[in-house]
Amino acid sequence: MMICKVIGNVWATRKEDTLSGLKLMVVQRLDVANKSGEEIFVAVDCVGAGIGDEVLVTTGSSARKALDNQEAPVDASIVGIIDEVQAQISEISSDAVSGQDKD
Amino acid sequence: MMICKVIGNVWATRKEDTLSGLKLMVVQRLDVANKSGEEIFVAVDCVGAGIGDEVLVTTGSSARKALDNQEAPVDASIVGIIDEVQAQISEISSDAVSGQDKD
Amino acid sequence: MMICKVIGNVWATRKEDTLSGLKLMVVQRLDVANKSGEEIFVAVDCVGAGIGDEVLVTTGSSARKALDNQEAPVDASIVGIIDEVQAQISEISSDAVSGQDKD
Amino acid sequence: MMICKVIGNVWATRKEDTLSGLKLMVVQRLDVANKSGEEIFVAVDCVGAGIGDEVLVTTGSSARKALDNQEAPVDASIVGIIDEVQAQISEISSDAVSGQDKD
Amino acid sequence: MMICKVIGNVWATRKEDTLSGLKLMVVQRLDVANKSGEEIFVAVDCVGAGIGDEVLVTTGSSARKALDNQEAPVDASIVGIIDEVQAQISEISSDAVSGQDKD
């Protein structure tokens, strides 16, 4: 799941019938370690998220598992509202995947 | 779902039988926050989109959920025509995923 | 679907049984708007494509929908030979996804 | 599967019911050869991993195969704790995919 | 499918039960045309590949189709050992996707 921030809404009157009633929100990925990771996309809100919330977003076919109607053409869903993240970003060294014994 | 713009059409006489009758459109992703995000690809139009429209595009296996024939080899579908986007792009700080308490 | 060019062939005598008889072609993505988009990979030809042809390539689970044997471990299929593309690449402005009214 | 390092935890009180009881961990991809590969995301721990462990992470629909409840909206799972990696990163030359005979 | 080189092994004593007995190999993508394409990941060997071999790797849900147990949480499989690649990398011009007639 990606750590994202809800940054807005999107409206689409003309859309697939199975998308009717779903709340579409604009989210931005939060990932300082990934140079191309701050992508913006649209996810269906399944947990009552609001603008400014940090959220967990599931993508791909798994996103449909969060919907009441799993036949809707949805590839991204907000599945949790983040209370807290505790993490320490690693410095990646070339040793990491090049042959050192790790036990 | 990606926010894209319909930028053209593509014609292919010789193609998989199950693609016959589908309208293939060239779309370009709109994502200013993602340095490699302005990719161009082909999506099946399911909602009557026209060139210049901003649209929602679903990718992967979920794209097939928008088709009448879900057995067609399609990995991208236009599922909505965007009326309006209201969003504010975040400045991503390194605090975002590195250990601050967020409640 | 990606717009790709067929640039070669690949031979593999030792392979999964279900890949036997499939024509494996090397394709290169054509995408001038995506800085990392010119990737090269291998796709199964389902439409009689030849080297130099511009083609539509479907990836992911949808790629299997183009095969006679959908149990083969295939994640990319050539599903159409392109006759013509008519498209105009957009200049992406920061307005595109940041809060302007679009109707 | 990606080689990742467990770098933290994430808490979300409000979430999809099917995510309850799952341990959500923040992981960072270890990949020195991929310029944009050090991405950070959240995976469900299925093997008792701890912070600092190097782990194998499966993504996409396959991630659900590691869960007791395969209907949960999960797209990344920790499926192994790495004891040791022995690998030698290649220098990629332009010969690699451009027409040399390789036997 | 990606063209990869087998560059090593990975050991994980503690792992999902369904991964037991599978041979996990470290592979590196060979793709000179893709600036971020030399990524390193772990794939299950299904064809008896050895270190130094150039191989075809299938990813995503299709990777499971190469396994005896398709319920294992696997998202990358080695499905062929490459004998030979014959390909000519294209120079991508901006004409490629911007409106020229191509027949």
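Biologist: Among the contacts in chain A between residues at least 6 apart in sequence, what percentage joins residues at least 24 apart?

Modeller: The figure is 54%, where contact means heavy atoms within 4.5 Å. This is a predicted model, in which local features need pLDDT of at least 70 and side-chain atom pairs count only at pLDDT 80 or more, whereas totals for chains, interfaces and linings use all residues; side-chain values use heavy atoms, with hydrogens and water left out. Residues are numbered from 1 along each chain as its sequence is written, and chains are lettered from A and ligands numbered from 1 in the order in which they are written.

Biologist: Which elements does chain A contain, and how many helices and strands are there?

Modeller: Chain A has seven strands and zero helices, and from the N terminus on its elements run β-β-β-β-β-β-β. These are DSSP runs numbered from the N terminus, with helices (H or I) needing at least four residues and strands (E) at least two.

Biologist: Why is Val57(A) counted as buried?

Modeller: Buried means under 20% relative accessible area, exposed means over 50%, and partly exposed lies in between, using a 1.4 Å probe and protein chains only. Val57(A) has 0% relative accessibility, so it counts as buried. This residue is found in strand E5 of chain A, and, not counting residues up to four places away in sequence, its contacts include Met1(A), Val27(A), Phe41(A), Ile78(A) and also Asp75(D). Val57(A) is 54 residues from Ile3(A) in sequence, yet their C-alpha atoms are 6.6 Å apart in space. Of the 103 residues of chain A, 60% count as buried.

Biologist: What makes E5(A) and E6(A) a pair, and in which sense do they run?

Modeller: Two strands pair if DSSP finds at least two bridges between them; E5(A) and E6(A) are joined by five and run antiparallel. Within this pair, Val57(A) has Ile78(A) as its bridge partner. E6(A) is also joined to strand E4 (residues 40–45) of chain A by two bridges, in the parallel sense, and here Ile78(A) is the bridge partner of Asp45(A). Six of the six residues of E6(A) are buried, and the strand is mostly covered.

Biologist: Why is strand E5 (residues 54–59) of chain D described as largely enclosed by the rest of the structure?

Modeller: Five of its six residues are buried, and therefore the strand is largely enclosed. E5(D) is joined by four bridges to strand E1 (residues 2–11) of chain D, running antiparallel, with Glu54(D) as the bridge partner of Lys5(D). Five bridges join E5(D) to strand E6 (residues 76–81) of chain D, again antiparallel, and Thr58(D) stands opposite Ser77(D) there.

Biologist: How do you know that Asp45(B) is buried, and what does its side chain reach?

Modeller: The relative accessible area of Asp45(B) is 11%, so this residue falls in the buried class. Its place is in strand E4 of chain B. The side chain of Asp45(B) reaches the backbone nitrogen of Val47(B) at 3.1 Å, and a polar atom of that side chain lies 2.9 Å from the backbone nitrogen of Ala49(B).

Biologist: What makes the link between Glu39(D) and Arg29(A) a salt bridge?

Modeller: A salt bridge is a side-chain nitrogen of Lys or Arg within 4 Å of a carboxyl oxygen of Asp or Glu, and here the closest N and O atoms are 2.9 Å apart. Two salt bridges are counted between chain A and chain D. On the side of chain A that touches chain D, strands E5 (54–59), E6 (76–81) and E7 (84–87) of chain A each supply at least two residues.

Biologist: How many residues of each chain are in contact, and what is the area buried between chain A and chain D?

Modeller: In all, 44 residues of chain A are in contact with 46 residues of chain D. The buried area is about 3,600 Å², of which carbon and sulfur atoms give 52%; the term means the accessible area (1.4 Å probe) that two parts lose on being put together, summed over both. Across this boundary E6(A) pairs with strand E2 (residues 14–15) of chain D over two bridges, in the antiparallel sense, and Lys15(D) is the bridge partner of Gly80(A).

Technical notes: A polar contact is a pair of N or O atoms within 3.5 Å; within protein, one must be able to donate a hydrogen and the other to accept it, and residues adjacent in sequence count only if both atoms are side-chain atoms.
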